[in-house]
Amino acid sequence: MHHTRKAAVTAAALLAVAATVTAGCERGSSSTASDAGSPESAEPGCPTVLADAKRVVKKAEDVNAPWEGPTTGPAAVPDKTIVYIAQTLTNPGVAGVAQGVQEAAEVIGWDVRTINGQGTPAGIRDAFDEALALKPSGIVIGGFDPKSTARQVEQAKAAGIPLIGWHAVAAPGPSKNPELFSNITTSVQDVAKISADWIIARSQGRAGVVLFTDASIPFAKRKSDLIKKELATCSDVRLLSYEDIPIPQANSRTIKVVSSLLTRFGSKWTHSAAINDLYFDHAAAALRADGRDGAGAPYNIGAGDGDPSAFERINGRQFQAATVPEPLSEQGWQIIDEFNRAFAGKPASGYVAPVHISTAANSGGALSWDAEGYRQAYRGIWNK
């Protein structure tokens with residue numbers, strides 16, 4: 001059970017991936033539904049969709065689901081060194097995975113060095129150059145686009161150094177362009193769908209929704225488009241507004257935008273989704289100033305990494321009800337296992353962690369989410 005899970009030690013506010021905007025909506029703008037507000041009908045207009053949403057949400061909220069990851073693979077290959085290039089260690093997602101990689105490497109008997117890219121293109125390139133100079137057995141691309149370091153990626157390939165990404169490209173698994181032995185991430189389609197389904201289920205198929213996004217990042221744009229698409233499957237769910245706020249400006253703009261939304265929609269605004277939990281950190285101030293109850297509407301879900309501050313808001317019932325977290329430590333262990341497969345001349349495992357929804361009811365007070373059983377499974381595979 002997760003009531004005794006140790007809370008993860010993490011860094012500051014998450015500056016992660018982001019989202020999208022409807023066609024014709026420019027950066028910094030919002031698009032508004034012509035029929036704002038949730039319907040007054042006694043029954044939802046999407047009973048079949050609602051039933052399915054309730055079913056998948058119940059499964060995603062299960063904290064005792066059995067381990068679905070690999071249970072077989074090559075035993076530990078000895079004497080390897082890994083360099084983890086972090087996009088920035090102030091990103092709790094990147095930092096949480098780095099911590100998992102370090103922990104797993106100690107178990108398997110490898111050395112790991114983490115290099116901080118400081119969150120800038122130049123810093124990341126310098127970090128990659130430093131990593132290559134160390135001549136490691138493998139390199140982790142932690143949370144940045146490998147195309148931004150194309151020269152270094154080619155140098156690694158020429159040196160025979162396998163690369164494994166975390167949130168490096170849009171899809172999980174092996175990648176040919178750029179060439180990655182594997183990319184570790186949950187499925188963006190699954191994250192988007194479950195976030196929208198949570199709103200459908202939580203609202204009984206009747207909701208007025210605001211979607212917060214950053215249209216400047218293509219990966220995130222796709223996530224928002226998918227959330228919007230799934231919400232549209234229920235006819236009594238209205239998308240009130242699609243707010244495009246670039247993540248670097250979230251601190252300065254979200255409070256003003258939320259105050260405006262409260263004036264425009266009032267009680268018609270019942271739920272929100274955001275491509276990153278960060279938006280709700282800033283939205284909370286405006287909602288509190290408006291006299292809203294932290295445990296009341298709008299009920300907010302983050303389709304993001306599930307950073308510790310999000311868990312704190314959720315556990316404290318302070319203007320965020322749910323998040324779809326990445327299993328950060330577990331993914332760090334998977335990265336080490338994938339490297340071990342590469343070193344043993346075996347293919348990638350192909351495992352993609354299923355989506356999970358964390359709420360105050362199932363988090364057990366923890367500040368992170370990881371499935372049960374992964375440590376034992378990987379130890380068994382490695383004979384460690």
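Trainee: Which residues in helix α11 (residues 374-382) are buried?

Mentor: This is a predicted model, in which local features need pLDDT of at least 70, side-chain atom pairs count only at pLDDT 80 or more, and totals for chains, interfaces and linings use all residues. Residues are numbered from 1 along each chain as its sequence is written, and side-chain values use heavy atoms, with hydrogens and water left out. Taking buried as under 20% relative accessible area with a 1.4 Å probe and protein chains only, the buried residues of α11 are Y374, A377, Y378, I381 and W382.

Trainee: Is C234 buried or exposed, and which residues does C234 contact beyond its neighbours within four places in sequence?

Mentor: C234 sits in the loop between α6 (218-231) and β9 (237-244), and counts as buried because its relative accessibility is 1%. The C-alpha atoms of C234 and I200 are 7.4 Å apart, although 34 residues separate the two along the chain. With contact meaning heavy atoms within 4.5 Å, and those sequence neighbours left aside, the partners of C234 are C46, V49, I200 and G205.

Definitions and conventions
Buried means under 20% relative accessible area, exposed over 50%, partly exposed in between (1.4 Å probe, protein chains only). Helices (H or I, at least four residues) and strands (E, at least two) are DSSP runs, numbered from the N terminus.
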